[in-house]
Amino acid sequence: MIKRLWVILAILCWLPIHASAIQLIDGESFVYDIGDNGVLVNGTLNAYQNMYNLRVNSTNYVGQPENLTSQGREVITSLYTEPNTGLEIRRRIYVSNNYNFARYMEIIRNPTANAQTIDIEVYGTLGSGSRTTTAYDQQQFLITDDEAVTGSLGGLPALLHYHSQAGSPITATHTLVGDKLNWTYRNVEIPAQTQVRLIYFVAQTQDVDTAYRFALNFPSNPISLYEGITANQQAELINFFPPATQTPQFTNPVFLNLDEVRSGFNLEASDPLSSQRANIPTDYFGFDLVQDQTIAIRMTASFDTYLYLFDDQGQLLDSNDDAKKQTTHSEIIFTPTQTGRYYVEATAHEQNKNLTYGTYSIELKNKTINRNPLAHAFTIQADSDTIPTTVTLTDFSQDVDGEVVERCWHFDDATPMVCSAESSITHTYEQAGHYSIGLTVKDNAGGLSFHSESLSLQADLNGVIFPVDSSTEGELTIDDGKSQTRINAYSDRYVIKGVSVGQELVVEMQSTQFDSFVYLYDAFGRQLRFDDNSGSGQNAHLRYTPLYPTDLLLEATSFNDNALGQYNLSVNLVSQDTDFYIPIEAATALDNALKTTFVARIPESFQPRFFLWDFGDGTEFVGTDNAVVSHQFERAGNYTVNLEIRNAADQTVTGEREFTISNRVVLPQSNFQVTPLFGEAPLRTFFTNNSSAGLAGDTLSYLWKFGGGQVATGKNPAHTFAREGVYQVILQTYSSLNQQSASYTIPITVIDRDSVNVPVTGVTRQRPQVLMAGFDPILQDVLETEATLFAIVRPGATPIQSVRLLSNDTDFKQAMQHTATYSNGDQRFETILTFPRGIYPVSELGDLFGDDAGQFQIQALDQAGQFHAYPNLEISDSPSLLTTTTSLRIEPTKQVGIRRSHPQVLAAGFDPVLIDINDGELTVKAIVREGLYPIQNVTLQLNGDNFSLPMRWLETLPNGDKLYTSTYTYPQQGLAVSTVSQFFGSQVGQFSILVTDQAQRSHQFPQYKIGNYLPQ
């Protein structure tokens, strides 16, 4: 059975960096931040706030995290000598490779000539503060939950504190006063010249019931419970005693040959029981090995597997559950020190409730290739959380069969990559931002590995303090500064303090002297939202729900450049009594000018249930449950559309707007020219607007988008591109007479001749690979006029020549531009698709990519003429390249992507997508964007089947999107050729990726939905 994964790491990268904290991640991707004195300073979603302080005889332990073990699973703190007794104390904090728990080990040595009796206290905050409550309180364990968050966002992890094995002579008692928890071991005797060890456990689970089942069951699996503890260490334990395991009986084993795959085995309740795992059946296999012959033993099944390796005397040599997280396979890589016969026990991770398991395959492979280094989480110690800031980066990466010879740091701030053999480096950040720091580790045989960590640095926001639930009068004058985004627009700056997570804000700006415009930024300098009601009236109106605690910067400015005048500005929290204006927008049907689609822009927080439309033409009112409605008028003219909306609380709001209905389809034409199209940074460009209106007397307004949040509203602007990259410049043209709009785009390439290439750390092939593709956003608003299609491409032996979007059944071809290089060397290509407003009805387009008529492919072609087309998963003789491939560096944008009320799986694919016939696994990847709530889980699903594989959070991309992965395993040469085309889709037998947030809102890739999707 596949283990469930509750990955709710979305908020972690936004939390403050703890000095000297080392992050550990357990077998189910729960996080444990270990800080000074070995204290658990944080967990997933801030589930802990400084727990597990240690005190011996009323004296606090003092020590720093000193070492991270080679597997990256255990922190060892420095030695501390207790001043009154002379006891020597050290702490080890270990996270399980298989389960969702961490284990604390207190090591106490008495170097004196006399026995000592001591009291040991472990204490701290119960959970995330006063909000945490007790769900189960028993002698051995305590389970807590967070009721305050459960009702609104789905809850923080339930927490299990487990001390003292039942029946142990050394037990702990606990007291709970408010939110302060204390576990005490009294009268513990430490003999002279003796060292003892005391262990206890902390687990994070999805809910209270899961935590309770875990507390009852996990002591019955001693091998997992004591994983990482040697026999000598077990002998020093004083409060847990692992039961003795049986000597395995190798009766009638099946013998395996080298490079052989055997399938069709079935694990059944009637099989002999495992010698290592309580009440779980097993099968035995034998094989002969030669000294120093490195081999890999792999077990793959539909259930969660476990392997144990023995010599011919029954001595346990190695064990493995998941060599890579979230898989149903197990793998042991072993090099014998002597020639002889060896045995493996093939069993299950845990007992199946129905006592049935299923079929599996097992293979024995020659494994003589270099093993890549293990890139671990590195520490980030900043001298301040505001800029300018100097950070110290310390790496703990190891190489199991050699040594690390080079570390290349990518700072994500447009400064050059730095490579050296040193494990520690310093770097100064001059600007606020949310940075994804990448580390590429290289071993002595050329093997590469990659890891990234997030760093958020705030700016001291400069502006007038603007409390929530207040209003002010202001004036734009020539003495005001210019907008930080629009260099030709005067602006006033306000700082909104005390913003609460999940509490919606409404910002309104009104002026009779100019068309209002507002921008909203976070403390990291990232543009969150802007709004001017898209040209409807003089007022700007913006609603925003913060996901994270941060002050906000509000810019009050004008839609037209250099406008001056007075205005009123207000910022309020949304409540049931909040009055708000309901914008009504429209789009004419392209095949019938008298048929119009109307969209009511109603906020999510109102939770509308019923819409009553009056189109002002004498027809009957129309009642719907949808904010989008279509209506056909009998004749042209001016009509006033009225709307009444009611919600579940029986509240009613109204909206009204006049529209001009023509008897012919009239759309503005958006078009422009730019000079130059190509050049070195900084590149000054000049734009000539060739747009035209379709109606006499119509007035057009313009919105230019230059990328990275830079915009302009003049007719013929100039713009300077400061950094290298490819910028998709978009001109949106708006009609003031009939509220229609159109878009046009041209890419502009800016180069930096001093840019250094980035090494590619993933699996590379001779040919290029389009790893994944999708739309940004993939939830498309019905009235938008452009869509961004992007692909993640990995070069092969030769640099990329071109990437194109192709239609299977037409001659349509559109070039895609290289817009970013991520710090692992993968390249992002984009293209903008423009179309008339209202071309789409409200719908789901279903499966976009494939090889059927009506579907699309994305083709990457290199300079040698080799190519690959997404979404083809190809199986052939495709060995990995032995040389390191590099990518042209282009810094990714940090602009926050368009957020919807629902989460979005923007893109998905495979790594690698060119599969070698000797492979037995591939990594499925997905790029996910949060909606109004943090992400709860992401799963890979097989349509029409019960198969569901959790995906784990891997890294945060520079624009805030999350990269999730999962490893899909199969017997060698067991991936059918029929899966090459249309791997992702909605048909039975195809795969989809489902994201669900903590409000249970979801999206399923590859569904491309079109509807009423306001930016959030």
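This is a predicted model: local features need pLDDT of at least 70, side-chain atom pairs count only at pLDDT 80 or more; totals for chains, interfaces and linings use all residues.
**Exercise 1. Classify the ring pair Phe101 and Phe214, and find where the two residues sit.**

Solution. Start with the overall picture: the count comes to 45 aromatic pairs. For Phe101 and Phe214, the ring centres are 6.1 Å apart, and rings pair if their centres lie within 6.5 Å. Next, take the angle: the planes stand at 50°, so this pair is tilted. Now place the partners. Phe101 belongs to strand β10 (residues 101–110) and Phe214 to helix α2 (residues 208–217), so the pair links distant parts of the chain, 113 residues apart. Both Phe101 and Phe214 are buried. Finally, look around them: ring pairs join Phe101 and Phe214 with Tyr136, Phe141, Tyr162, Phe201, Tyr212 and Phe240 in a cluster.

**Exercise 2. Are Phe775 and Tyr1008 buried or exposed, and how are their rings arranged?**

Solution. Begin with the rings: their centres lie 4.6 Å apart with the planes at 55°, so the pair of Phe775 and Tyr1008 is tilted. Then locate them. Phe775 is in strand β59 (residues 769–776), while Tyr1008 is in the loop between β77 (1002–1005) and β78 (1009–1011), 233 residues apart. Last, check accessibility, where buried means under 20% relative accessible area. Phe775 has 7%, so Phe775 is buried. Tyr1008 has 3%, so Tyr1008 is buried too.

**Exercise 3. Which rings have the charged end of Arg55 or Arg828 over them?**

Solution. Take Arg55 to begin: its charged end sits over the ring of Tyr123, 4.1 Å from the ring centre. Turn to Arg828: its charged end sits over the ring of Phe790, 3.9 Å from the centre of that ring.

Conventions
Residues are numbered from 1 along each chain as its sequence is written. Side-chain values use heavy atoms; hydrogens and water are left out. Rings of Phe, Tyr and Trp (its six-membered ring) pair if their centres lie within 6.5 Å; planes under 30 degrees apart count as stacked, over 60 as edge-to-face and the rest as tilted. Helices (H or I, at least four residues) and strands (E, at least two) are DSSP runs, numbered from the N terminus. Buried means under 20% relative accessible area, exposed over 50%, partly exposed in between (1.4 Å probe, protein chains only). A charge sits over a ring if NZ of Lys or CZ of Arg is within 6 Å of the ring centre and within 35 degrees of the ring normal.
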